[in-house]
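Keep the sequence and the 3D view open as you go.

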Amino acid sequence: MILTLSSHPSPLGPLLIVTDGAGVLRALDFADYADRLHLLLARHYGPVTPQPGDTPPAIAAALDAYFAGDADALHALPIATNGSNFQRAVWAMLRTIPAGATWNYGQLAAALGKPGAARAVGLANGANPIGIAVPCHRVIGANGALTGYAGGIARKRWLLAHEGAALL
């Protein structure tokens, strides 16, 4: 598989974007978390070295619209990733959480039909290679605390506030 790595500006710092030959989004992370991005790529695709390239125009436009205030702009982007069936189910369910809403890990597990799997959901959430577009930032602790975001809690708080979520 040939993957392309590009960068795109955001109010939270540069984003790293990995796409395949069809322009499908395969990974998205903050530039200061490049090591995590490459680790997740290796876990999902084996030994790959993305080639430098340009961000596909549709992805750039969707990111720009999202950061300009259209919280749903990323929803229509085509995404694909490898991972276990459970991980992919968690990531698909994350995309159903509306902008401005938050769920806790237990709610996400229950929505998947696995009410006792909150920890497994948390692990899958943490292994999400497509940040922001697969909105793992919308998952919070059962007590409402902003927990466990790979881009850092300050970014999670910013993303949720940007989307209009009510925060503690």
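This is a predicted model: local features need pLDDT of at least 70, side-chain atom pairs count only at pLDDT 80 or more; totals for chains, interfaces and linings use all residues.

Residues are numbered from 1 along each chain as its sequence is written, and side-chain values use heavy atoms, with hydrogens and water left out.

**Exercise 1.** Work out the strand order of the open sheet and find its edges.

Solution. Start with the terms: strands (E, at least two residues) and helices (H or I, at least four) are DSSP runs numbered from the N terminus, and two strands pair if DSSP finds at least two bridges between them. The 4 strands are ordered β3-β2-β1-β4, with mixed pairing. Next, β3 (25–30) and β4 (51–52) each have a single partner strand, so one side of each has no neighbour in the sheet. Finally, β2 (residues 15–20) runs antiparallel to β3, joined by 5 bridges.

**Exercise 2.** Find the residue in β3 that stands opposite Val 18.

Solution. Look along β3: Ala 27 is the residue opposite Val 18.

**Exercise 3.** Describe the largest nonpolar core and the contacts of Leu 74.

Solution. A nonpolar core is a set of buried (under 20% relative accessible area, 1.4 Å probe, protein chains only) Ala, Val, Leu, Ile, Met, Phe, Trp, Tyr and Cys residues joined through side-chain atoms within 4.5 Å. The largest one has 35 residues, and Leu 74 is among those touching the most other members. Helix α2 gives the largest share, 5 residues. Leaving aside neighbours within four places in sequence, Leu 74 has contacts (heavy atoms within 4.5 Å) that include Leu 63, Tyr 66 and Ile 132.

Technical notes:
Buried means under 20% relative accessible area, exposed over 50%, partly exposed in between (1.4 Å probe, protein chains only).
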